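The following exercises concern a single protein chain.

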Amino acid sequence: MRHGKKPTRKQKIRLGQAGLSPENWLVVREAPTGELVILHKHTDRIRVVPAIGG
C-alpha cells in the first residue's frame with residue numbers, strides 16, 4: 001500500500017483545476033516534469049494528474 005501526504009496549497013489548486021476534490025486525495029509523488037501521482041483516501045485508487053502546459 002502506498003502512503004500519501006496532504007497536498008500543498010498549489011497542489012490543491014491543481015487538483016481543483018483537474019475537477020477533483022482536494023479533500024479526498026493524497027499526493028504520492030510529484031514528478032520533475034510536473035505531473036502529480038495521487039491516491040484517493042477512501043478507495044485507494046491511484047490517478048495521475050498531467051503537468052500544466054504553459
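Glu30 is partly exposed, with a relative accessible area of 43%; the classes are buried (under 20%), exposed (over 50%) and partly exposed in between, with a 1.4 Å probe and protein chains only. The model is predicted: local features need pLDDT of at least 70, side-chain atom pairs count only at pLDDT 80 or more, and totals for chains, interfaces and linings use all residues. Residues are numbered from 1 along each chain as its sequence is written, and side-chain values use heavy atoms, without hydrogens and water.

**Exercise 1.** Determine which residue forms a salt bridge with Glu30.

*Solution.* Step 1: apply the criterion, a side-chain nitrogen of Lys or Arg within 4 Å of a carboxyl oxygen of Asp or Glu. Step 2: the partner is Arg14, with the closest N and O atoms 3.5 Å apart. Step 3: locate the two residues; Arg14 lies in helix H1 and Glu30 in strand E1 (residues 25–30), 16 residues apart, and the pair links distant parts of the chain. Helices (H or I, at least four residues) and strands (E, at least two) are DSSP runs, numbered from the N terminus. Step 4: classify Arg14, which is buried at a relative accessible area of 13%.

**Exercise 2.** State how E2 and E3 pair.

*Solution.* Step 1: pairing requires that DSSP finds at least two bridges between two strands. Step 2: E2 and E3 are antiparallel, joined over four bridges. Step 3: Leu39 faces Ile46 of E3 across the pair. Step 4: five residues separate the strands of this hairpin, where Asp44 has a positive phi near 60°.
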